[in-house]
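Let's take a friendly walk through a protein structure, one part at a time. Have the sequence and the 3D view ready as you read.

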Amino acid sequence: MSSLVASGKTKELFETDNPNILKVHYTDHTTAGDGERNEVINNKGKMNNEISSLIFSYLKQQGIENHFIEQISDTDQLNKRVNMIPLEIVVRNYAAGHFQKRFALNYLDNLKKPVVEMFWKNDELHDPFINEDDAEALDIINANEIKEIKENALKVNQIMSDLFDKMNLILVDFKLEFGFDKDHQIILADEISPDSCRIITKNTKESLDKDIFRKQTGDIMKGYQIILDKLKQEIIL
Ligand SMILES: Nc1ncnc2c1ncn2[C@@H]1O[C@H](COP(=O)(O)OP(=O)(O)OP(=O)(O)O)[C@@H](O)[C@H]1O
Ligand SMILES: [Mg+2]
């Protein structure tokens with residue numbers, strides 16, 4: 001039996017024979033409101049494992065270094081073990097969520113340029129917004145590393161926005177996490193799934209992501225399945 005290294009709200013990380021490789025198990029837990037709501041939704045782990053595997057493989061193809069190695073079962077994948085940087089990097093193309101609220105905008109208002117924001121992963125403080133100076137001053141990360149992460153996040157945004165555009169979908173915003181690999185290189189880690197992205201249809205602007213759960217407007221698995229089916233059609237590995 002491999003031992004549990006860490007677990008969060010949605011994934012469990014296990015040791016493998018190789019100290020640099022983790023087995024990541026995607027659970028069916030679905031949370032919202034800083035973990036206040038936590039429900040089990042059948043099949044969500046499988047769906048996110050497949051979606052994240054496809055997106056990370058595609059990003060690798062497009063030259064974005066990341067932790068993904070291979071999908072090994074419906075709910076499990078192998079990832080390079082990294083030393084996580086405790087920041088959530090959010091990229092926004094249209095107003096939604098925290099940003100919409102902060103600036104009293106309308107949902108899906110246009111932005112003149114993509115915005116990169118950072119939130120400090122700190123449960124006690126409820127993941128506060130943090131700027132570049134704060135992150136340096138608190139010794140979370142240095143200026144060069146922030147620059148590299150920001151450039152990377154914008155590249156990922158371009159690649160993913162183009163991909164979803166071809167699928168007749170719009171990437172509204174998404175969250176990334178990065179870490180240091182064994183050679184101290186910064187690589188993209190964690191997951192990219194409808195849990196961590198806002199994705200809407202081009203014609204009806206219907207949400208296909210976790211907003212369905214947040215706003216309790218329907219069956220999230222229907223939206224996730226549409227995204228998975230379209231990704232399978234679009235991505236040739
Ligand atoms: N390649 C990796 N190596 C090491 N840790 C990773 C890797 N990819 C993701 N993680 C970490 O795995 C943990 C579990 O993921 P999960 O999404 O369940 O956590 P979370 O609840 O979102 O966040 P946290 O537990 O950090 O508050 C997270 O802390 C995440 O940062
Ligand atoms: Mg998470």
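## Before we start

A salt bridge here is a side-chain nitrogen of Lys or Arg within 4 Å of a carboxyl oxygen of Asp or Glu. This is a predicted model, in which local features need pLDDT of at least 70, side-chain atom pairs count only at pLDDT 80 or more, and totals for chains, interfaces and linings use all residues. Residues are numbered from 1 along each chain as its sequence is written, chains are lettered from A and ligands numbered from 1 in the order in which they are written, and side-chain values use heavy atoms, leaving out hydrogens and water.

## Two domains

The protein is divided into domain 1 (4-80) and domain 2 (83-219), with bounds that come from an automatic or database domain assignment. Their C-alpha centres lie 17 Å apart.

How many residues of domain 1 are in contact with domain 2? There are 26, and they meet 24 residues of domain 2; contact means heavy atoms within 4.5 Å. About 2,200 Å² is buried between the two domains, and carbon and sulfur atoms give 62% of that area. Buried area is the accessible area (1.4 Å probe) that two parts lose on being put together, summed over both.

## What joins the domains

Three salt bridges are counted between domain 1 and domain 2. Lys-11 forms a salt bridge with Asp-190, and their closest N and O atoms are 2.9 Å apart. On the side of domain 1 that touches domain 2, strand 4 (29-32), strand 5 (37-40) and helix 1 (44-61) each give two or more residues. Helices (H or I, at least four residues) and strands (E, at least two) are DSSP runs, numbered from the N terminus. Helix 1 gives the most to this side, with eight residues.

## Around the ligand

Ligand 1 is surrounded by 15 residues, and the closest are Lys-9, Thr-10, Lys-11, His-67 and Lys-80; a residue counts as near if one of its heavy atoms lies within 4 Å.

## A link within the fold

Across the whole structure, a search finds 22 salt bridges. Lys-23 and Asp-76 meet through their side chains in a salt bridge (3.8 Å, N to O). Lys-23 lies in strand 3 (residues 21-26) and Asp-76 in strand 7 (residues 76-80), so this pair ties together parts that are 53 residues apart in sequence.
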